[in-house]
Amino acid sequence: MKWGVVVFPGSNCDRDVLHVLRDVLKQDAEFIWHEQRSVSGYDCIVLPGGFSYGDYLRTGAIARFSPVMQSVERFADRGGLVLGICNGFQILLEAGLLPGAMLRNDSLEFRCQHVFVRVENADTPFTHAYQKSQVLNIPIAHNEGNFYADPETIRLLEADKRVVFRYCDESGEVTPESNPNGSLRNIAGIRNEQGNVLGMMPHPERCSEKILGSEDGLHVFRSVLEFWGGGYCE
Amino acid sequence: MSERFAQVGLSHEEYLRIIDLLGREPNDLELGLFGGMWSEHCSYKSSRLLLGRFPTTGSRIAQGPGENAGVVDIGDGLGVVFKAESHNHPSAVEPFQGAATGVGGIIRDIFTMGARPIALFDSLRFGELSDARSRYLLGGVIAGISFYGNCIGIPTVGGEIYFDECYAHNPLVNVMCVGTVDTHKIVRARAEGVGNSVLLVGAKTGRDGIHGASLLASQAFSEKPEQKRPAVQVGDPFMEKLLVEACLEVLETGHVVGLQDLGASGLTSACSEVAARAGTGLEIDVAAVPRRESDMSAYEVMLSESQERMLVIVRRGLEREVSKVFSKWGLDSAHIGRVTDDGMLRILDNSQVVAEVRAKHLADEAPAYSRDAVKPAYLDEVNELDLDSVPLPEDYGVVLQQLVRSPNIASKEWVYRQYDHMVQLNSVVLPGADAAVLRIKGGTKAIALCTDANGRYAYLDPYSGGAIAVAEAARNVAACGAQPVAITNCLNFGNPERPETMWQFAQCIDGMSDACRMLDTPVTGGNVSFYNETLGSPIYPTPVVGMLGVIDDVSCVLTPGFKSKGDSIILLGRTLEELGGSEYLKSVHARVCGKPPVIELELEKACQQACLDASRERLLHSAHDCSDGGLMVCIAECCFGARAGAQGADLVLSDKIRPDALLFGESQSRIVVSCGTEDAHRVIEIAESRGVPACVIGRVDDGTICVSHLGSRLVDVSVPELRQMWKEAIPCTLK
């Protein structure tokens, strides 16, 4: 399979995702420049973290209008796999590929730290290599990760098992103390109705190598590989 | 109305020297060019002669002082580029933008060398947290660093913060940036090749920051620093991120012969320096400079310090190819002039010559002052310390609790969790340890870096303070398992026109130089910040050292935290009966006096090498530098960072010295290591073969720190409670 990692001006985790895909998982992966109008030929598209277009208006608000996003939207509509990490998640919200919005962290501070998240749904193309309720040690790094949606949307997300990751403590308990940003119902990641689009605030690429302290994120990428049926080398 | 030379910050003598060099009176623009380039900030006129004392050569040094940043060859064709710079006065005036643009400025110095920036460090000093203005400055500076560094995608992985009243009106914001480059791709900032084109790239030029170098950075503050706000620049990290990527991409084309960032004194400095370094001249037309505001004069264009701009010297005929790369990244690039052979910096405005000055006169001919140096009178008085006048504490456990709550020792997590310290996927050892460790992808190597300085020591004895800053920074990287190889620095002092300041400065340089020679860590570059005083009251002399260490095998990396209960705890080094300048004396007894701890450089080197030998034999489970707060704080930190089940220590000490000096004294050249009990003998053998005293002082335990000394129990404290105090001290103070 072939991976594409979108590079917006101001993306800064693009090289990190490419490193994990190419150097750790030995995958066929390349950058997609934001001005590209077609994403044909790719099987999974990653929108990486960063500050696309400086995030000056509102996170993800400008990136959503970039030429590449029109083709990413069509790609997603046809069932293509799209993974948005951090700023990528924010862009997916702005583009309407996922419901809800991001508010500023309730601490009013940027937060970069390891957190725990619980896998709420292990039956998605991005998570089926995990066990349900598995607790992951994974880093976050954001200023706007405080997920918000209206009550009806939240009800639907919960009813459809579209909440994929939730902030929790080390033992897997979902508590107010383990919520690093104030997000509703400790939501850290959600999928769309069809299940082919995932947005998550934590950074799986930052915990995909033992030397960096945790490999808990690697299975996000491995799940996609297995879902696709492609082999990969250790 | 003051004299015209005073308006640009020059003296009468300097004005006469300019007339002498030109053979005529300068016009207003020419005088402005000299004002910027001959400012203390740009010319180092008070420090240049003394900086020559630093050792700057060594087998690993690929580029010493003189370019935008130094480069150290770490083998395998890889160079590490690093440099530190101060942004103290802008941060005092407007903390958010002052700190943000400080970060932006030093990043440009690194990618100007052709390197990809991979890490940032911040060495910060503020007044006491009880002071509202200091809290405001702290909040603004942290937010500014976080704003710029996080957006641009360079991890902020280390640094230090200290609080002392002397910095209340003049905080220090020193930023270090580190990059990596293929050694054969190092770029020099030189305008080579007559006829080549000069491009100005990046942000448009506005009226911000005019006279930043001369009137803001090179003068002491009066009562109302806010009045100098117009001299502070405004940062745009998104623009700089585009510049980083575009410049690195454009260098790959081979069409670029030289690259120079625009920093202090803007275009004036960039143009005169690239020409002077290459021995060429430059002719530029300010009318071609893209502007943010209309009706800007040539003077304003030449001295604007608008951020995020680069000067690019391009092979003639290839301008379009180069511009194409910049426009891909959405950046303006304007062809503003060409390289000439006559050595002149010739400035045109719509083809009319408006200034004509020899580039070397601006860049290299500023006066170099050998200023008077006199030992300050305060020293004899403050160096007096009769230990008998210091009462022994009743409860040593309470003292330990007091020390871990001191903001100088307390956890800085509140600060570093606001910085993205993981982006780029190289952070092997995260903030909070002795040094940050960054792996080099694609091999087994890693580098360890830290910044360090103790202003209190330098105040009490600038020679020792300088030497200890180098020694401790080296010890920090050695405690991570890295061989110290080179330093950069940021020297923060008061007004150089005061002989006492110059004496402190000279002493400090001598101390640093001696330590660098002994530890074989040459100086690759640095920065001097004078005039750090307000209303005649100077800061402590604060020589910040940025140290680089190299680890050949990243699997040998050491961290401070204990690993398993029962391990032997060994102290490498010896504890003397000394308390001068200690955090204990300041926090518990409210005294800043005595002499700083003795520093014996040979012992220092031996202690570091012993730690490295033992780590290479894979004997050690942890290592931690013993510094502020002494042995007890060191042990407490080893417990805070420990694995579950190993968060405690049981120590039995037998040194026949005052218990407070034993527990809280800051004797130098000490490292606390832990290892399996079966390996303790071998570790001690290694230390002794290097001539380093070493002994087992106890065992790793869990839950408590207990200390007995000569049969009496001095300390018995709960680690979870102590940890809570240490962790909460800074956030609680700020609430």
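Predicted model: local features only at pLDDT ≥ 70, side-chain atom pairs only at ≥ 80, totals over all residues.

Visitor: Which helix does B:Val399 lie in?

Guide: B:Val399 belongs to helix 16 of chain B, residues 396–405.

Visitor: And what is B:Val399 in contact with, leaving aside its neighbours within four places in sequence?

Guide: With those neighbours set aside, the contacts of B:Val399 are B:Pro393, B:Val588 and B:Phe664. There is also B:Leu663, which is 264 residues from B:Val399 along the chain, while their C-alpha atoms are separated by 9.9 Å.

Visitor: Back to helix 16 of chain B. At what angle does it pack with helix 26 of chain B?

Guide: The angle between helix 16 of chain B and helix 26 of chain B (residues 719–734) is about 25 degrees, and the axes are 8 Å apart. Angles under 35 degrees count as roughly parallel, so helix 16 of chain B is roughly parallel to helix 26 of chain B.

Visitor: Which residues meet there?

Guide: From helix 16 of chain B come B:Gln401, B:Val404 and B:Arg405, and they meet B:Leu722, B:Met725, B:Trp726 and B:Ala729 of helix 26 of chain B. By class, that contact of helix 16 of chain B with helix 26 of chain B has five nonpolar residues, one polar and one charged.

Visitor: Let's zoom out. How is chain B divided into domains?

Guide: Domain 1 of chain B covers 1–38 + 189–366, domain 2 covers 56–186 + 418–524 + 539–557, and domain 3 covers 373–410 + 558–735.

Visitor: How many residues do domain 2 and domain 3 of chain B put into their contact?

Guide: Domain 2 of chain B gives 38 residues and domain 3 of chain B gives 37 residues. On the side of domain 2 of chain B that touches domain 3 of chain B, the elements supplying at least two residues each are strand 5 (156–163), helix 18 (455–460), helix 19 (462–478) and helix 20 (499–519) of chain B. That side of domain 2 of chain B divides into 23 nonpolar, seven polar and eight charged residues. The centres of the two domains, taken over C-alpha atoms, are separated by 24 Å.

Visitor: You named helix 19 of chain B. How do its axis and that of helix 22 of chain B cross?

Guide: Helix 22 of chain B is residues 601–616; its axis and that of helix 19 of chain B come within 9 Å and cross at roughly 10 degrees. That angle makes helix 19 of chain B roughly parallel to helix 22 of chain B. In helix 19 of chain B, the residues include B:Ala467, B:Ala471 and B:Arg475, and among those they meet in helix 22 of chain B are B:Glu604 and B:Cys611. The contact of helix 19 of chain B with helix 22 of chain B has seven nonpolar residues, one polar and two charged.

Visitor: What about chain B as a whole?

Guide: Chain B has 26 helices and 28 strands.

Visitor: Last one: how many residues does the contact take from chain A and from chain B?

Guide: It takes 21 residues from chain A and 21 residues from chain B. On the side of chain B that touches chain A, helix 8 (132–152) and helix 10 (237–251) of chain B are the elements that give two or more residues.

How values were computed: Residues numbered from 1 in each chain as written. Chains lettered and ligands numbered in written order. Contact = placed C-beta atoms within 7 Å. Helix = DSSP H or I, 4+ residues; strand = E, 2+ residues; numbered from the N terminus. Domains from an automatic or database assignment. Nonpolar A, V, L, I, M, F, W, Y, C, P; charged D, E, K, R; others polar. Axes fitted to C-alpha atoms, helices over the stretch in contact; angles between N-to-C directions. Parallel < 35°, antiparallel > 145°, perpendicular 65-115°, else oblique.
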